[in-house]
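Please read this briefing alongside the sequence and the model.

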Amino acid sequence: MRALLLTALWSHLASSVLLVGAFFMLLLAGPPRATTARRWDGTVVAGARLLVLVALGSGIVWLLVRTAVFENRPHAALEPRAVWHAVLDTWPGLVWLARHGLLVVLAAFLAIRANVADSRNWIAARGEALVLAMLALALVSGSSHAAAITPGTLSAVAVDVAHLLGTGVWLGGLVALAPLLRAASREAGADARPYAVLAARRFSRAALIAMLLLMASGVMNALAQVESIAGLAGTTHGRLLLAKLAVLAPILVLAAVNRTRILPALSAPDATVGRSAMRRLTAFVGLEAVLALVLLALAAAMTLTTPARHGEPVWPLPFRLSPDVLRDVPATRWRALLGSQLAIAGVVALIASLVVRRRRAPVLAGALALVAVGAGVGLPPLVVDAYPTTYKRPLVTYHAGSIASGMATYREHCAACHGATGAGDGRPLPDLRSAPTSRRHAGELFWLVSRGGPGHGMPAFEGRLSEAQRWHVINFIRALGAAEGSKTIGRQVELDRAWLIAPDFTVAVGPLAPGALRDHRGRRLVLLVLYTLPDSRARMTELARSYDVLSVIGVEIVAVPTHASPEAIAELGASPPVLFPIVTDGNADIVETYRMFAPGPHAELLIDRQGYIRAIWRGETGRMPQASAVQAQVEKLNEEKSPPPFPDDHVH
Amino acid sequence: MEGTAPVSARRVGLALAACVLTATVAAGHAVLQRAEPRVESTLKRAPDEVKLYFSERLEPAYSSLRVLNDHGVQVDRRDSRVDRANPALLRATLPPLPPGTYKVLWRVLAIDADVTEGAFTFRIE
């Protein structure tokens, strides 16, 4: 019955698109004079009356099914109160109401059989119908995937509207044009042949513009909704898009043949030749319209699937291409460079073959050969193993609690082979702290941890650890790699080098409602202080005294004593008063995680407004920075012209 | 009113039920980005609220969450709502909860007219 929803959506979209095209085509052809042309005008308007009823009917079916889905009760579809609730209390419902209101007005307008013999009346009548149909179609975007994109909702909706109206002009115009050409290609319709030829020529130009608009808006839609190759190849939404492109290819070929071969033949001096060309054009236009309706069915199916950018791709290939290999295996660089240059030369030749007219075939063949050789030379070094879960989204976030949990699981199940530090401890195993391991996708590590590596003696943990436990271990492995790299981060901020993500943690202070480290993102820098009493007492007193200075320059201090205690604040004494948060709960997880970056009983880490660790003061409390030194680093951070994006909550 | 529905309406209802069941499998476009308490986390202290952050704006009329204890009994204060200031945030308050494992079930409608649902657990020590 899922087919019912798809059929309703497809019928609704198709009829809405055809309505736009019908009136656009009539206006493009102009007021009909010949009898056959007038008959075609009447046929198109009669078809439009039927189409508007189909659009309303299928729209109502769509609403009833959606109501049942919203309410999670099948019978809700038959309850007027539930249906009205869905219409009046949701944004998609209000958009539905507006669209169907327009369709009802259009239906009423078409039902009035006004006298439009006068050209101006005819243009006004068809023009008003076109405006109503276009408004109804454009409003589809109001509750589409595009409307859900934030930020940039307006531009996404504008692109989607352009895509819908472009479809209306092209597909709807094609379907409306076909009967005119068929009638004009017959002996009895000879009176309309000049009118039909003119209409076909005008449509050819309009369709070219509509097709360019469709392709441009389609690419922009794909970039917004699909985002990645993994999304394209590994999700239902992406594969439907690939199917759309596969159907589009023959349509473009047919359109090119129509435009370059058949249209010029329509004006051949011999009437017989013209008629034959018109018959061929009728057949081609009909075929193009059928393919376009298939395209629309795929588009309708896409709206029912999760957009690829939010989907969980299942990677279909046993390999993927990774430019990171060039960093890990420098010897392969020359081959990749040679291959890329050959491919670029091939692409340039390919473009040249489209421009030049002489010897086009050999140039095209040479260009394709160059691209193929370039790919053959340059791509194999970039190939790395990939798995169905390569792009799987982690179940748990990159959080100190998860890393500490993963650390415990690692010690119990993994350290015996990989060593306590992840270095392998003399075994021929990959160093888990190394850059190549850090560059593997989290989903690949998930596959290896879950399924094991039969050839390498790695057991499968799918049956021994829960999915959450496996993701905790992966977060810990990620932190191991980050900790290894963090050794290069010292007391001085390096401009434009934000890469070390500060794992989030819960800031629980006494009985107050707990917050999170990430709550400071976009607002304040954080000086994270890991301390141990009594050694850190003097330093904590110093921080309490300089808190007002640091606070003024936008720095919040978050202090985490080594041991959780509800008395942690009292233990620091009343004078000077400590006005910054002292974490009293969950300390062990935070300390264990952050000591991977800054070992020792006392350490301080400067976290920028985006959530990256930018400076670390390690070692004795006497080596900790004065307020002025922190201020100097903050001023350096303020100089950064383009702050990095906020880090994702999950590892990749 | 199910008991008084005519037979034909019931048949239509059953037909729509099948449609709905299959429709909800693939549909669904608001994705859970982050949760407080975190997905599959262990807490030392009972939380007083559940907050779910989604990828898209939610429709308040059809977006809700429930928290069940390990006996399947709903334990939240039945006040789940979409945050007024942040329409991608769904929240519900909790009474003081004893240690145990709790399941959060959520079902939301995004503004692109698709429903998403899911569940996760957290544990209080």
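The secondary structure of chain B comes to one helix and eight strands, where helices (H or I, at least four residues) and strands (E, at least two) are DSSP runs numbered from the N terminus. This is a predicted model, in which local features need pLDDT of at least 70 and side-chain atom pairs count only at pLDDT 80 or more, while totals for chains, interfaces and linings use all residues. Residues are numbered from 1 along each chain as its sequence is written, and chains are lettered from A and ligands numbered from 1 in the order in which they are written.

**Chain B**

- Along the sequence, the elements of chain B follow the pattern α-β-β-β-β-β-β-β-β.
- Of the 125 residues of chain B, 37% count as buried; a residue is buried if 20 or more other C-beta atoms lie within 10 Å of its own, exposed if 12 or fewer, and partly exposed in between, with C-beta atoms placed from the backbone.
- Among contacts in chain B between residues at least 6 apart in sequence, 61% join residues at least 24 apart, a contact being two residues whose C-beta atoms, placed from the backbone, lie within 7 Å.

**Helix 4 of chain A**

- Helix 4 of chain A (residues 91-111) has 21 residues and reaches 30 Å from its first C-alpha to its last, close to the 30 Å expected at 1.5 Å a residue, the expected span being 1.5 Å times one less than the number of residues.
- The buried residues of helix 4 of chain A include A:Trp96, A:Arg99, A:His100 and A:Leu103.
- Seen down the axis of helix 4 of chain A, the buried residues fall within an arc of 155 degrees, so they line one face of the helix; the arc is that of the directions from the helix axis to the C-beta atoms.
- On the face of helix 4 of chain A turned away from its buried side are the exposed residues A:Gly101 and A:Ala108.
- The cover over the buried residues of helix 4 of chain A includes helix 2 (35-71), helix 3 (80-88) and helix 5 (119-138) of chain A.

**Helix 14 of chain A and its contacts**

- The axes of helix 14 (residues 400-413) and helix 21 (residues 587-594) of chain A come within 8 Å and cross at roughly 75 degrees; axes are lines fitted to C-alpha atoms, for helices over the stretch in contact, and angles run from 0 to 180 degrees between N-to-C directions.
- Helix 14 and helix 21 of chain A are therefore roughly perpendicular to each other, a term for angles of 65 to 115 degrees.
- The axes of helix 14 and helix 18 (residues 467-485) of chain A come within 7 Å and cross at roughly 100 degrees, and helix 14 of chain A is roughly perpendicular to helix 18 of chain A.

Methods: Angles under 35 degrees count as roughly parallel, over 145 as roughly antiparallel, 65 to 115 as roughly perpendicular and the rest as oblique.
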